[in-house]
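User: I'm new to this one. Can you walk me through it?
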Amino acid sequence: MSNVPVDLKYAKTHEWARVNDDGSVTVGISDSAQDQLGDMVFVEVPESGQTVSAGEACAVVESVKAASDVYAPVAGEIVEVNENLADSPETVNTDVYGEGWIFRMTATDKSALDTLMDAEAYESFLASESH
Amino acid sequence: MPFIPHTETDVRDMLDAIGASDIDQLFDEIPSSLRMSGLSAVPVGMAEQEINRLMHERADTDGRPLCFTGAGAYDHHIPAAVWEITTRGEFYTAYTPYQAEASQGTLQLLYEFQTMMAGLTAMDVSNTSLYDGASALAEAVLMAVRANRKSKSRRILMPTTVHPHYRKTAHTIVKNQGIELVDVPYCSAGGNTVPDSLRHFEGEDIAALVIQNPNFFGVIEEVDTLTEWAHQQGALVIASTNPVSLALLKPPGEWGGQGADIACGEGQPLGVPLAAGGPYFGFMCCKQALVRQMPGRIVGGTIDRDGREGYTLTLQAREQHIRRSRATSNICTNQGLLVTAATIHMALLGAEGLANVARACHANTRTLVDRLTDNACVKPLFNRPCFHETVLQFSLPLGDVLRPLYAHNLLPGYDLSKDYPELGDALLVCATETRTTADIELYAGHLNRIIDSQTAAGCPVQPKMA
């Protein structure tokens with residue numbers, strides 16, 4: 001059973017999004033996603049300052065098994081990227097909702113976050129996907 | 001088991017499973033205007049006896065001329081052992097081996113090829129080759145646009161001293177991807193790309209600068225200054241280079257303060273014979289930081305759980321079978337057999353041998369230029385140093401000189417008038433280590449006689465500069 005914290009929002013493409021105190025949004029991949037991908041060997045982070053549209057592929061996580069795109073959960077601008085992942089991509093496996101974050105962005109339209117799933121909805125989504 | 005594993009029953013079962021009536025139905029969505037109705041230009045098959053005869057007749061039309069033409073493909077000596085070993089059963093495949101458990105020998109050879117190329121170019125990593133020098137440059141352009149994430153322009157500075165065929169190939173491959181190749185003119189005195197001529201691009205968003213060295217005219221470019229300039233502009237540097245020249249010249253990895261970012265080129269001079277334009281192979285090396293943007297196969301070395309050395313394809317997440325449409329290239333294969341020959345060639349020559357070849361080529365080309373320019377109608381066109389190829393200017397119509405030389409079974413050089421009409425009667429000549437003093441004398445003798453016969457009074461003799 002994968003870990004799905006209740007304070008986060010989730011996308012169907014298995015990203016999590018955390019709304020920070022300053023209104024910015026931190027993004028990573030879900031525990032379920034890191035578990036399916038396996039040991040991370042490389043994370044390609046976006047450029048800070050890059051504008052992205054909702055659902056745009058803007059990062060790549062590469063594991064021993066596969067490489068997978070990471071999509072922006074909402075439209076906005078990338079304001080910070082996790083440079084530490086260059087040297088220790090395995091952080092995505094070991095601390096997926098903490099130090100394993102991938103980028104931080106500002107949302108053009110904050111209400112777009114409401115279109116994402118809450119923990120309960122994501123858990124049912126995971127359950128439906130596993131069938 | 002039949003060679004083609006799908007029997008009619010298999011095909012029928014598969015079609016039934018997906019509910020298609022026949023194979024044609026699978027292609028329904030492609031409009032008929034885009035479909036090939038047949039290969040009408042391909043003649044009917046021939047029996048072995050007939051094809052043998054045809055191929056012998058074709059082969060006999062090659063008069064094995066004495067070659068003073070380079071222009072991207074060079075007539076080098078290839079030790080007999082190279083192809084004797086390359087065509088052994090263990091190596092004789094054009095295909096890249098995927099199966100580490102069955103292909104350790106080939107994988108180790110490819111790993112050693114990469115090590116040699118990285119050493120020769122002074123770059124961090126090499127792939128196991130691409131199709132040829134021209135498509136390698138096109139791939140390098142695509143790679144630079146992906147890798148230079150600071151640049152949004154998709155503009156590449158492409159000096160006109162880069163091989164014209166390479167420029168055409170690059171244009172064909174990148175034009176529909178919104179990438180612009182911007183011509184940079186050359187200096188008419190030096191035949192090089194003058195760093196000052198780039199000044200008006202300063203402050204503009206440029207993804208990369210291409211530097212061919214030696215350039216198409218054989219001229220040595222000011223690689224350090226050009227590289228420094230590009231890096232100051234936030235542009236990457238793509239080196240296109242002749243691997244033999246790197247035995248003597250400063251390798252791309254050492255250009256300027258930080259070195260070129262990508263180095264590519266034509267591998268033909270390393271053990272691949274001239275054969276009607278190919279097959280040849282391209283090579284590509286880059287800085288470690290860019291390796292995940294590199295196209296092509298890469299072999300990695302590792303140790304197994306018993307501590308034994310082993311080799312396997314690595315970084316495959318760049319490739320088509322894993323990354324699909326977002327792969328670094330839709331060409332994810334290599335020229336395995338030619339790379340096998342090149343690796344054995346380099347191993348047999350060694351670093352010193354390759355440097356000797358490069359020195360002999362340079363010396364022979366200087367001798368050739370000296371002898372041909374003894375004729376007052378022939379002059380060196382550019383005043384900058386050359387490697388093993390250079391441009392001669394004729395003060396009489398070049399075509400009238402070349403035709404009789406061809407008739408003497410001589411390839412006198414590459415006529416530049418089509419690609420560079422502004423140069424007038426200009427000929428790109430090359431003498432590799434395979435040309436002897438007697439060969440050069442033969443060329444000079446024919447040339448002098450032909451020129452004399454065409455200029456009743458001969459050319460006005462001017463004293464040569466000391």
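User: What do the buried residues of α12(B) pack against?
Analyst: They pack against α10 (336-372), α11 (398-407) and β13 (410-411) of chain B. Bear in mind that this is a predicted model.

User: Which residues of α12(B) are buried?
Analyst: B:Ile440, B:Tyr443, B:Leu447, B:Ile450 and B:Ile451. Viewed down the axis of α12(B), the buried residues fall within an arc of 105°, so they line one face of the helix.

User: And which ones are exposed on the other side of α12(B)?
Analyst: On that side, B:Thr437, B:Ala438, B:Glu441, B:Gly445, B:Arg449 and B:Ser453 are exposed.

User: How many residues does helix α12 of chain B have, and how far does it reach?
Analyst: Helix α12 of chain B covers residues 437-454, which is 18 residues. From first C-alpha to last it reaches 26 Å. That is close to the 26 Å expected at 1.5 Å a residue.

User: Zooming out. Into which domains is chain B divided?
Analyst: Domain 1 spans 80-345, and domain 2 spans 351-454. Their centres, taken over C-alpha atoms, are separated by 29 Å.

User: How many residues are in contact between domain 1 and domain 2 of chain B?
Analyst: 15 residues of domain 1 of chain B are in contact with 19 residues of domain 2 of chain B. By class, the domain 1 side has ten nonpolar, five polar and no charged residues.

User: What about chain A? How many residues of chain B are in contact with it?
Analyst: Five residues of chain B are in contact with six residues of chain A. The chain B side has two nonpolar, no polar and three charged residues.

User: Confidence next. What are the ipTM and pTM of the model?
Analyst: The model scores ipTM 0.77 and pTM 0.88. For chain B, the mean pLDDT is 93. Of the residues of chain B, 95% reach 70 or more.

User: Now the backbone. Which peptide bonds are cis?
Analyst: One is the bond from B:Asn213 to B:Pro214, with omega near -10°. B:Pro214 is in the loop between β5 (208-213) and α8 (223-232) of chain B. Another runs from B:Gly278 to B:Pro279, with omega near 5°. B:Pro279 sits in the loop between β7 (262-266) and β8 (282-286) of chain B.

User: What is the phi of B:Ala122?
Analyst: B:Ala122 has a positive phi of about 60°, although it is not a glycine. B:Ala122 lies in the loop between α5 (104-121) and β2 (125-126) of chain B.

User: Why does B:Ala122 count as partly exposed?
Analyst: Because B:Ala122 has 17 C-beta neighbours inside 10 Å.

User: Last one. Where is B:Thr61?
Analyst: B:Thr61 is in the loop between α3 (48-60) and β1 (66-67) of chain B. With 6 C-beta neighbours inside 10 Å, B:Thr61 counts as exposed.

User: How far apart are B:Thr61 and B:Val299?
Analyst: B:Thr61 and B:Val299 are 238 residues apart in sequence. In space, they are 41 Å apart, C-alpha to C-alpha.

Note on methods. Residues are numbered from 1 along each chain as its sequence is written. Chains are lettered from A and ligands numbered from 1 in the order in which they are written. This is a predicted model: local features need pLDDT of at least 70, side-chain atom pairs count only at pLDDT 80 or more; totals for chains, interfaces and linings use all residues. Domain bounds come from an automatic or database domain assignment. Two residues are in contact if their C-beta atoms, placed from the backbone, lie within 7 Å. Ala, Val, Leu, Ile, Met, Phe, Trp, Tyr, Cys and Pro count as nonpolar, Asp, Glu, Lys and Arg as charged, and the others, Gly among them, as polar. Helices (H or I, at least four residues) and strands (E, at least two) are DSSP runs, numbered from the N terminus. The expected span of a helix is 1.5 Å times one less than its number of residues. A residue is buried if 20 or more other C-beta atoms lie within 10 Å of its own, exposed if 12 or fewer, and partly exposed in between; C-beta atoms are placed from the backbone. The arc is that of the directions from the helix axis to the C-beta atoms. pLDDT is the predictor's confidence in each residue, from 0 to 100.
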